[in-house]
Amino acid sequence: TYLPTIKKGLIDLYSINSSLLKILGDKQWQRYMLVFLNNNELRGGGGFMGTFGIIDIDRGEIKNLEIPGGGTYSIQGQLKPKVISPEPLWLINPRWEFQDANWWPDFPTSAKKMQWFYENAGGPSVDGVIALTATMMERLLDIFGPISMPEYNREINSSNFVEETQKIVELEYDKEQNQPKQFLADLAPKLLERIFAAKDGEIEKLFK
């Protein structure tokens, strides 16, 4: 009676394990575009692309993480081809830019467009795109938080993440340096370090 269910479970586990090993660079290092989506500001691909980064992973270790302090607008104006945006976006900008690349609810389609925009703006090619919504960040902080951010006089947890992030990136950032997303650039490495050093109980919660 239970054998088909057990068999399916083992096949699923094998498939997940194989995918995770590839993602974590078990045979060769992998480079991913890490995109932070604000799902409180709706877009077809999961939320507005406020911040992005490039992360290199080799055999389960983070080798490099770069998150521009200016967010997705850091590469605005660098796109070589001139692309007309989808017609509903003409009210905002008739020229299509990287920050509006996740136009489609079908994530693989949006992800490929993000890669295209980034590479055609002079960025390196990447092996894949990983998106984190604000809600997902809250859930991760629920497992791995709170995280102390003394340079901002704050402790970030799942309850205050969205509110405090909005305060910092919209109001409190250094207007002369004009790096409004630097807060996420400083927070992300601390969170990722905890995820990659997860213990048994945390790993179980992470999978769930």
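## Terms and model

On a 1 Å grid over the protein atoms alone, a pocket is an open set of points with protein on both sides within 12 Å along at least five of seven lines; a cavity is a set where a 1.4 Å probe fits but cannot get out; lining residues have an atom within 4 Å of a point.

This is a predicted model: local features need pLDDT of at least 70, side-chain atom pairs count only at pLDDT 80 or more, and totals for chains, interfaces and linings use all residues. Residues are numbered from 1 along each chain as its sequence is written, and side-chain values use heavy atoms, leaving out hydrogens and water.

## Second largest pocket

Its lining has 22 residues, with Asn38, Thr165, Val169, Lys181 and Leu184 nearest the centre. The volume is about 410 Å³, meaning the space filled by probe spheres set on grid points joined across faces, edges and corners. α4 gives the most to this lining, with six residues. Helices (H or I, at least four residues) and strands (E, at least two) are DSSP runs, numbered from the N terminus.

## Largest pocket

The largest pocket holds about 820 Å³. Among its 25 lining residues, Leu20, Leu24, Ile195, Phe196 and Leu206 are closest to the centre. α5 is the top contributor, with five residues.

## Cavity

One cavity reaches 30 Å³ or more. Ile75, Gln76, Leu79, Glu97, Phe98, Phe117 and Ala121 line the largest cavity.
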